[in-house]
Amino acid sequence: MNFKSLGRLFTVLVLPLVLTSVLAAGLGMSATVSAADDQTSQQMANAKTSDADLWRAVKAGDSGYTTAQGVEANVLINIAGNQGKDIKNNYLTPAMALAVLGVFAAFLVFYFVNGPSKLSKGFSGKMVLRWTKADLWIHWVLALSCLGLIFTGLTIMLGKHFLQPYVAEGIWAAMIYGSKTIHDYVGPIFMGAWVLCVVKWMPMQTFKMYDLKWFLVVGGYINFGPFKGKHPDSGFANAGEKMWFWTLTLFGLFICVSGIMLVLPGLELPREASMAALLIHAASAIIIIAFTIVHIWMATVLSEGGMECMKSGYCDENWAVQHHNLWYDEIKENGTLEYKD
């Protein structure tokens with residue numbers, strides 16, 4: 001077969017196949033390009049017509065897609081977070097300021113109008129054992145850690161209103177950073193002392209029927225009118241101390257659990273859970289702050305001889321008879337009454 005025959009054979013058999021393949025590839029590419037152009041045009045049209053809808057959806061907290069992954073990674077704006085922030089700023093922050101200033105001012109007025117609760121028979125000079133060394137340690141560790149948390153917490157919650165406008169930026173930054181650091185490290189100390197307090201003192205904190213009368217005569221602290229000189233029956237703990245104990249027990253539990261949720265990022269909680277923990281933490285702190293102020297006033301200024309109990313563990317015998325007569329009668333009867341040497 002010569003070259004002329006081979007050329008004729010190529011023209012008849014091979015060339016049509018090559019042309020057919022090239023034509024098909026060209027048509028396919030054109031279709032692909034056309035489809036891509038149509039898709040791009042549709043996306044551009046959608047983008048132009050849905051910007052407002054997209055932004056409304058983002059502000060409403062709708063989920064989408066983000067390259068970063070994690071808890072709620074696909075949500076750009078969390079509605080629960082904004083709502084929680086509004087509750088904290090509009091309600092809890094003013095309530096905390098009221099708890100500090102209002103309760104303190106009320107007791108200050110009460111003190112100047114009423115005066116302290118004096119011992120009707122004066123001091124006897126005989127000191128009766130009331131608290132053990134272990135009790136004193138638990139009390140003071142709990143008290144000091146609680147006060148540390150209160151002052152640093154007040155700086156965090158109220159400092160931007162009462163301190164930040166009046167100090168330099170560097171000083172404010174150091175104060176808020178120091179308060180946050182101290183708050184985080186003192187927290188576990190408070191938790192440990194709180195557990196010991198609840199376990200050790202709970203048996204003495206059950207309410208009795210005679211506690212109702214204590215409330216009715218305001219514990220015998222009123223120095224005027226029909227309540228003057230009324231000293232109600234009381235066991236080891238009076239009704240007011242029992243109320244303080246159970247308040248600290250319940251809201252201390254809320255403080256501890258919510259605090260753990262807030263300081264451990266490894267828990268990877270949803271934003272709703274974190275915000276709920278923050279609100280519960282703040283609300284519980286407000287209640288504990290108010291009761292702490294009352295407790296300090298009652299134990300120091302308003303009760304003559306009361307502070308000595310938590311300094312040495314001993315109380316004056318006349319103080320025991322006047323404020324905790326049922327407890328005094330009990331230890332005297334069962335032989336556990338112990339005087340200081």
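Start by selecting Phe-215, which lies in helix H5; helices here are DSSP runs of H or I with at least four residues, strands are E runs of at least two, and both are numbered from the N terminus. You're looking at a predicted model, where local features need pLDDT of at least 70, side-chain atom pairs count only at pLDDT 80 or more, and totals for chains, interfaces and linings use all residues. Residues are numbered from 1 along each chain as its sequence is written, and side-chain values use heavy atoms, with hydrogens and water left out.

**Stop 1: around Phe-215**

Is Phe-215 buried or exposed, or something in between? Its relative accessible area is 35%, so Phe-215 counts as partly exposed (buried is under 20%, exposed over 50%, partly exposed in between, with a 1.4 Å probe and protein chains only). Now show its contacts, meaning heavy atoms within 4.5 Å. Beyond its neighbours within four places in sequence, Phe-215 touches Phe-207, Ala-239, Gly-240 and Met-243. Draw a distance from Phe-215 to Ala-239: the two are 24 residues apart along the chain, and their C-alpha atoms are separated by 7.0 Å.

**Stop 2: zoom out**

Following the sequence, the order is α-α-β-α-α-α-α-α-α-β-α-α. Of the 341 residues in the chain, 33% are buried. Among contacts between residues at least 6 apart in sequence, 77% join residues at least 24 apart.

**Stop 3**

Pick Thr-93, found in helix H2. Thr-93 is buried, at 5% relative accessible area. Leaving aside neighbours within four places in sequence, Thr-93 is in contact with Lys-88, Met-157, Leu-158 and His-161.

Next go to Gly-102, also placed in helix H2. Gly-102 is partly exposed, at 28% relative accessibility. Which residue lies 188 places away in sequence but 9.0 Å from Gly-102, C-alpha to C-alpha? That's Ala-290.

**Stop 4: the nonpolar core**

Select Met-96, Phe-190 and Leu-248, the residues with the most contacts inside the largest nonpolar core, which has 54 residues. A nonpolar core is a set of buried Ala, Val, Leu, Ile, Met, Phe, Trp, Tyr and Cys residues joined through side-chain atoms within 4.5 Å. At least two core residues come from each of H2, H3, H4, H6, H7, H8, H9 and helix H10 (325–334). H7 gives the largest share, 10 residues. Centre on Leu-248: leaving aside neighbours within four places in sequence, Leu-248 is in contact with Leu-142, Phe-190, Trp-194, Cys-197, Leu-253 and Ile-288.

**Stop 5: the largest pocket**

Select Glu-241, Trp-244, His-295, Ile-296 and Ala-299, which lie nearest the centre of the largest pocket among its 44 lining residues. Helices giving two or more residues to this lining include H2 (79–114), H3 (133–162), H6 (239–263) and H7 (271–300). The largest share, 8 residues, comes from H7. The space amounts to about 1,100 Å³. In the search, on a 1 Å grid over the protein atoms alone, a pocket is an open set of points with protein on both sides within 12 Å along at least five of seven lines; a cavity is a set where a 1.4 Å probe fits but cannot get out, and lining residues have an atom within 4 Å of a point. Grid points are joined across faces, edges and corners, and a volume is the space filled by probe spheres set on the points.

What is the lining of the largest pocket made of, by class? It has 31 nonpolar, 11 polar and 2 charged residues (Ala, Val, Leu, Ile, Met, Phe, Trp, Tyr, Cys and Pro are nonpolar; Asp, Glu, Lys and Arg are charged; the others, Gly among them, are polar).

**Stop 6: the second largest pocket**

Here there is about 700 Å³ of space. Select Gly-153, His-183, Gly-259, Leu-262 and His-281, nearest its centre among 28 lining residues. H3, H4, H6 and H7 each give two or more residues to this lining. By class, the second largest pocket is lined by 21 nonpolar, 5 polar and 2 charged residues.
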